[in-house]
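Subject: Structure handover

Dear colleague,

Please find below the structure that I said I would pass on. My notes on it follow.

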Amino acid sequence: MQGLEIQPFADEHLDAAAALLAERHRAHRAVEPLLPSSVDFRAEVEALLAREDTSGAVASRGGEVVGYLLGSRRDDEIWGPNIWVEASGHAVTEPEVVRDLYAALAGDWVNRGRTRHYALVPAADGALVDAWFRIGFGAQHAHGIQEVPAHTEVTVPTGFEIRGPSADEVEELIEVDLALPEHQARAPVFSTRPLPTREDSRKEWLETLAGDEEHVLIGYLDGRPVACWAFVPLERSGEHTGLTRAEKAAFLGFASTLPEARGSGIGVALTDAGFAWAAEQGYEVMVTDWRETNLLASRFWPRRGFRRTFLRLYRSIP
């Protein structure tokens, strides 16, 4: 852009970056007030800058910082040769600036073999999302949020029941657990995350059943487990931190239904049962997330009332 100066991000830019991030979040909360109201923006940016292998740039015009972008990596075994622009990792005064910042950094990332790029972007800022789209990104994942109703009526479909799991059902529960990653490994999601094994699932179920940190609801059809919804405090989610961590929130962290039970209404009933539980526990907000490339999930959760807060955008460099 004309008159734009790009330079490496340094400690001296922290205050200006924090101010830009605070303004972006203020505008975001004007659209979605359930997002956290108390955020230490400077600490958010500083924490990203301190990560291993972080690289960043700032954009200035006339001596004033008008944008910044920070990229860092996550676990390569899960995400491949990746770079992440986290929710606190970018803010600009005008959307077009983010394209210049990405252009200034992406060449080095690719030269280092880091060809899978992710960015968490406020879903309500259509112009900013569009700017990322016009630099080669697409929507891969979404964070969703809504209020917990004071009262929720739960209607269980005929032939089904909802209750907690028991230890003697673990082998059947494994089938429900694996149904979600198996679904997401196929078109059009094509998830590259390693599929868990039955032993992985068995171990996780035994740990879950031995503890009391998760609220797990199972949907049964004629006594057989066919669906699982699991809830935890949002603080338990490593994906929902900082700007994305709503207050007084429960997290619907897992939802899976066997193919033969999809479309039966058991998922709606489990969601409603989860809201009823959350209200009893004093939660005011419910958060979940889903793959936008999962056709079932990306239609189901918005229909349940979840509003998109952040989009995880993705670009793979050939």
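I begin with the aromatic residues: Trp229, Phe275, Phe300, Trp301 and Phe306 make up one aromatic cluster. Rings of Phe, Tyr and Trp (its six-membered ring) pair if their centres lie within 6.5 Å; planes under 30 degrees apart count as stacked, over 60 as edge-to-face and the rest as tilted.

This is a predicted model, in which local features need pLDDT of at least 70 and side-chain atom pairs count only at pLDDT 80 or more, while totals for chains, interfaces and linings use all residues. Residues are numbered from 1 along each chain as its sequence is written, and side-chain values use heavy atoms, with hydrogens and water left out.

**Aromatic pairs and charges over rings**

The count by the ring rule comes to 16 aromatic pairs. In one of them, the ring centres of Phe231 and Trp277 are 5.7 Å apart and the planes stand at 40 degrees, so the pair is tilted. This pair links distant parts of the chain, with Phe231 in strand β10 (residues 224–233) and Trp277 in helix α8 (residues 266–280), 46 residues apart. Helices (H or I, at least four residues) and strands (E, at least two) are DSSP runs, numbered from the N terminus.

Phe231 counts as buried at 1% relative accessibility, and Trp277 is buried with a relative accessible area of 13%. Buried means under 20% relative accessible area, exposed over 50%, partly exposed in between (1.4 Å probe, protein chains only). Trp277 also forms a tilted pair with Tyr283, at 5.6 Å centre to centre and 40 degrees between the planes; both Trp277 and Tyr283 are buried.

Arg74 lies over the face of Trp84, 3.5 Å from the ring centre, and the charged end of Arg163 sits over the ring of Tyr220, 3.8 Å from its centre. The rule asks for NZ of Lys or CZ of Arg within 6 Å of the ring centre and within 35 degrees of the ring normal.

**The four-strand sheet**

Four strands form an open antiparallel sheet in the order β1-β2-β3-β5 (two strands pair if DSSP finds at least two bridges between them). β1 (5–8) and β5 (90–92) are at the edges with a single partner strand each, so one side of each has no neighbour in the sheet. Three bridges join β3 (residues 64–71) to β5, and the bridge partner of Leu69 in β5 is His90. Helix α1 (residues 14–31) packs on this sheet, touching β3 and β5, and its direction makes about 85 degrees with that of β3. Contact means heavy atoms within 4.5 Å; axes are lines fitted to C-alpha atoms, for helices over the stretch in contact, and angles run from 0 to 180 degrees between N-to-C directions.

**The nine-strand sheet**

A second open sheet has nine strands in the order β4-β6-β13-β7-β12-β11-β10-β9-β8, with mixed pairing. Its edge strands are β4 and β8 (160–163), each pairing on one side only. Four bridges join β8 to the antiparallel strand β9 (residues 215–221), where Leu221 stands opposite Phe160. Helix α9 (residues 295–303) lies across β10, β11 (249–257), β12 (285–291) and β13, at about 160 degrees to β12.

**Helix α5**

In helix α5 (residues 126–133), the buried residues are Leu128, Val129, Ala131 and Trp132. Seen down the axis, they fall within an arc of 155 degrees, so they line one face of α5; the arc is that of the directions from the helix axis to the C-beta atoms. Their cover includes β3, β5, α4 and β13.

Regards
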